[in-house]
Amino acid sequence: MPEPPREAEPAEGQLVAQICAGDGEALEAFYRRYCDRLYSFIYWRVSGDEAAAEDLTQETFMAALRNLRSFQGGSGLFTWLCAIARHKVADHFRRRHRLETVQESLRAQAFLDAVTAESAEERLAARQRRDEVTETLRRLPARYQQALILKYLDGRSTREVAAALEVSTAAAESVISRARAAFRQQYAAVRERSE
């Protein structure tokens, strides 16, 4: 039995207009049309890190939906999505670099603790604390890592954190609060495991 003919997919401009008007089916069509291609585009730019590619694909779609009204149609919709994805990938590598910098800072602190510690036990405790903090940060979602590092290591204001996360100040406060709670929970689990 022959398959029924598929409905023609709407043109990009029409699809954007339908999504902006709140059409859920158009939103699903948008996601289906571009998800796999966008994931592949990102996957190769994060050296085959599947988890990062999945997260960044979702972040790209969320950013695109927030800014869909600004899509002018000067380039194709996929090209526009790729431009957003490039920014998200760059942010990902900046976060990763920042986490490595945090680890370096913790190592420097551990060195200082070791030099100034009065006993081998104190040196061991300082190293263990550093490892626990590093492991805890690694377990957190990238957004939480970024919020905590910006707020508490870089000393940024909540408004600056909001700008970096591309959210409102109220939303940034919420992210910071949830990130602190997640850090406390993960830190307790990490400490319990290391005891």
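A residue counts as buried under 20% relative accessible area, as exposed over 50%, and as partly exposed in between. Because Glu135 has a relative accessibility of 26%, it counts as partly exposed, and Arg139, with a relative accessible area of 32%, is likewise partly exposed. These values, like the others in this report, come from a predicted model.

The side chains of Glu135 and Arg139 meet in a salt bridge, with 3.2 Å from N to O. Both residues belong to helix 5 (residues 120–139), where they are four residues apart, about one turn of the helix. An α-helix has 3.6 residues a turn, so residues three or four places apart point the same way.

## A salt-bridge network around Glu166

Five salt bridges are found in a search of the whole structure, and Arg66, Lys88 and Glu166 are linked in a network of such bridges. In the pair formed by Glu166 and Arg66, the closest N and O atoms are 3.8 Å apart. This pair links distant parts of the chain, since Glu166 sits in the loop between helix 7 and helix 8 (169–194) while Arg66 is in helix 3 (residues 50–66), 100 residues apart.

Glu166 also forms a salt bridge with Lys88, in which the closest N and O atoms are 3.4 Å apart. Lys88 is buried, with a relative accessible area of 10%, whereas Glu166 is partly exposed at 46%.

## The two sides of helix 7

Within helix 7 (residues 158–165), the residues Thr158, Val161, Ala162 and Leu165 are buried. Because these four cover an arc of only 100° around the axis, they lie on the same side of helix 7. The face turned away from this buried side carries the exposed residues Arg159 and Ala163.

## Packing of helix 1 on helix 2

Helix 1 (residues 12–20) packs with helix 2 (residues 24–45) at an angle of about 135°, their axes being 8 Å apart. That angle makes helix 1 oblique to helix 2.

From helix 1, Glu12, Leu15, Gln18 and Ile19 take part in the contact, and they meet Ala26, Leu27, Ala29, Phe30, Arg33 and Tyr34 of helix 2. The residues of this contact divide into seven nonpolar, one polar and two charged.

Notes: Residues are numbered from 1 along each chain as its sequence is written. This is a predicted model: local features need pLDDT of at least 70, side-chain atom pairs count only at pLDDT 80 or more; totals for chains, interfaces and linings use all residues. Side-chain values use heavy atoms; hydrogens and water are left out. Axes are lines fitted to C-alpha atoms, for helices over the stretch in contact, and angles run from 0 to 180 degrees between N-to-C directions. Angles under 35 degrees count as roughly parallel, over 145 as roughly antiparallel, 65 to 115 as roughly perpendicular and the rest as oblique. Contact means heavy atoms within 4.5 Å. Ala, Val, Leu, Ile, Met, Phe, Trp, Tyr, Cys and Pro count as nonpolar, Asp, Glu, Lys and Arg as charged, and the others, Gly among them, as polar. Buried means under 20% relative accessible area, exposed over 50%, partly exposed in between (1.4 Å probe, protein chains only). The arc is that of the directions from the helix axis to the C-beta atoms. A salt bridge is a side-chain nitrogen of Lys or Arg within 4 Å of a carboxyl oxygen of Asp or Glu.
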